[in-house]
Amino acid sequence: MELLLTLISGTAIGCVYGLVAIGFSMIYRATGLVNFAQGDIMMLGAFIGYTVLALVPGTPLVVVLVLASLGTGVFGLLLERLVFRPAVRREASQTYLVLLTLGVGIVLSNGARLAWGANPVVYAVPEAHRTVDLLGYPLPVTYFYIWAAMALLLGGLQLFFSHTWTGLAVRGVVDNKDVARTLGIDADLASSISFAMASAIGAAAGVLYAPLFYVSFDMGGIGVKAIAAAVLGGLGSIPGAVLGSLVIGWGEALGATAIAPQYQDSIAFALMILILLLRPTGLLGARLR
Amino acid sequence: MRGRSRSGLMSEQGRDWAALFAVVGALWSIPLLLGGFSLYLGCMVAIYAIAALGLQAMVGQAGQLSLGHAAFLGIGAYVAVLSEKLLGWPFLPAALAAVVLSGLAGLLMAQLVRLSGIYFEVATLGFGIIVSQVLSNWTSVTGGFSGFRGIPVITLFGHAANSRTAMFAMEMIALTLAYVLLLRLSHGRAGRAFRAIGQDDVAARSVGIATNGYRMAVITIGCAIGGLGGVFLPHLMRVLSPEGFSWQTSLVVLIMVTVGGLGSLPGAVVGAAILVVGPEYLRQFAEYKMLVYGGLLILSMTVMPRGLAGVVRQALRRKSAAA
């Protein structure tokens, strides 16, 4: 039973990583950019949610989530347009792009530290304390929000990429930029849409993480594990990002109880390195060479 | 490019040596002339400059982006202190053991080279996080979060080097040796291979360069030199704790290398000097430190992608064209 509970909380945290990792993979697929700032974008979303709650106490969590996602989505759009697109267009090397996103991440987290302070804050929402009994064990109600968000998102993305013109256009650009362009599809559109959506999804992850734990300027570290998850699942693959995140979530939760909680991050990364040594492009990644 | 530089006054290799003498000469003389606090700053700059030189060879020249360099400073620092404290070794063998073990840890990380590009980079990030958590939590060996106090004074051939000048001189000898080694290496066959891999790994392999062997070699050397820098840190501070070897330190060393100019050895030293000395004189803005560092990183990537070294090179070229 203890084991089952560990797995349940591992699944919930894994889904939070998964939301960040999905955004990370979408950006990678559309632009080839490995965005190390994705975790800090999640942090920004969580703080926007915190500000909404501070301004209008009693705002329902769902409304907070939507507002934070919208705000962060617009921010992601601006970031792509002003910082990343010029660099990608210059065909800067992968090393430069990674360093650029690291720089953006540092500026975001330390900017948030100036704006919202160095101390962690918590969401004043009833969901933070509410629990649901499952087989006699109390589970945080936020877990169910997280699972619902993940299910809705996966369904929504499936519809978006297979049934809407915009989604098909993005896929077209990802598959073959030149052909898409001759068909009159704006290639920059795919990049903008992916960034905006990835940022909005990251913000949702931040808002859903906040009632369980806290919000702080350095929570981008969670994003680092999400990146590990996306890489372990296979870069650019959305199912891979979710699978990788679940593996990290479970591994971390089991490792924390079996070995020691202070080695949680090490367990996550050791798991990733081990899997990469066996499958160098991740679990569901494209077979290269 | 090559043809033009050869027709100039100095060959490319000559210019590299001139840059070495200028940068290392300045770093030797300024702290010794100013003394006092500047000497302490000089000691600090030398430590990070050594580490940055190692990272520059990996990242700037061979294109092997490591996001876990602080781990190797940490391994160097802990191995040196543990062999002195537990085994009672004198400084030189302890330092040698530290460099060898950092190199071996680097070789272990280098086994990940069969991962391509970004997979490798994220793996190095993981490697750094694992080492830093082990240093913080393996309390029975590393002393955990509180680490060690009372680090022994460096003794060389029976003489205790307890003056700061002696400490500085030893660090600078190590720095000069590491720099000369890396410069010699970059002028030879290995250096050409490193640069070829850095520019295009697949093309390098197609012309018969054993890319994985060279990648492992440059990672091992870079990490061993990182460990050499780490050896001096506890001896300067007289305490050793794990917090100096976190993910943040890896980022800071990476920013040093980038601001100085990716691929440039003198740039790595100058970048280290700027990022160590700058915050000391801007203490009232301490809370903006990382914000400014991040801004510097974005600025170097967008406005001056070759860093300060690129700016200097361009200025010199313009001057020689005008003459």
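Biologist: How many salt bridges does a search of the whole structure find?

Modeller: This is a predicted model. Over all chains, the search finds 5 salt bridges.

Biologist: Which residue does A:Glu80 meet in a salt bridge?

Modeller: Its partner is A:Arg85, with 3.1 Å from N to O. A salt bridge needs a side-chain nitrogen of Lys or Arg within 4 Å of a carboxyl oxygen of Asp or Glu.

Biologist: Is A:Arg85 buried or exposed?

Modeller: Buried means under 20% relative accessible area. A:Arg85 has 10%, so A:Arg85 is buried. A:Glu80 has 1% relative accessibility, so A:Glu80 counts as buried too.

Biologist: Now A:Lys225. Which residue forms a salt bridge with A:Lys225 at 2.9 Å?

Modeller: That is A:Glu252; the distance is between the closest N and O atoms. A:Glu252 lies in helix H10 (residues 238-258) of chain A, and A:Lys225 lies in helix H9 of chain A, so the pair ties together parts 27 residues apart in sequence. Both A:Glu252 and A:Lys225 are buried.

Biologist: What is the N to O distance between A:Lys225 and A:Asp265?

Modeller: Their side chains meet in a salt bridge at 2.8 Å. This pair links distant parts of the chain: A:Lys225 is in helix H9 of chain A, A:Asp265 is in helix H11 of chain A, and they are 40 residues apart. A:Lys225 has a relative accessible area of 8%, so A:Lys225 is buried. A:Asp265, at 26% relative accessibility, counts as partly exposed. There is also a network: salt bridges that share partners join A:Glu80, A:Arg85 and A:Asp188.

Biologist: On to pockets. What volume has the second largest pocket?

Modeller: Rolling a probe the size of a water molecule over the atoms shows where empty space is left. Here, the second largest pocket has a volume of about 1100 Å³. It is lined by 40 residues; closest to its centre are A:Asp218, A:Gly221, B:Ser246, B:Trp247 and B:Gln248. Elements that give two or more residues to the lining include helix H9 (220-233) of chain A and helix H12 (247-260) of chain B.

Biologist: How many residues of the lining are charged?

Modeller: The lining has 8 charged residues, alongside 16 nonpolar and 16 polar ones.

Biologist: Where is B:Tyr281 found?

Modeller: In helix H13 (residues 265-281) of chain B. B:Tyr281 has 54% relative accessibility, so B:Tyr281 counts as exposed.

Conventions
Residues are numbered from 1 along each chain as its sequence is written. Chains are lettered from A and ligands numbered from 1 in the order in which they are written. This is a predicted model: local features need pLDDT of at least 70, side-chain atom pairs count only at pLDDT 80 or more; totals for chains, interfaces and linings use all residues. Side-chain values use heavy atoms; hydrogens and water are left out. Helices (H or I, at least four residues) and strands (E, at least two) are DSSP runs, numbered from the N terminus. Buried means under 20% relative accessible area, exposed over 50%, partly exposed in between (1.4 Å probe, protein chains only). On a 1 Å grid over the protein atoms alone, a cavity is a set of points where a 1.4 Å probe fits but cannot get out, and a pocket is an open set with protein on both sides within 12 Å along at least five of seven lines; lining residues have an atom within 4 Å of a point. Grid points are joined across faces, edges and corners, and a volume is the space filled by probe spheres set on the points. Ala, Val, Leu, Ile, Met, Phe, Trp, Tyr, Cys and Pro count as nonpolar, Asp, Glu, Lys and Arg as charged, and the others, Gly among them, as polar.
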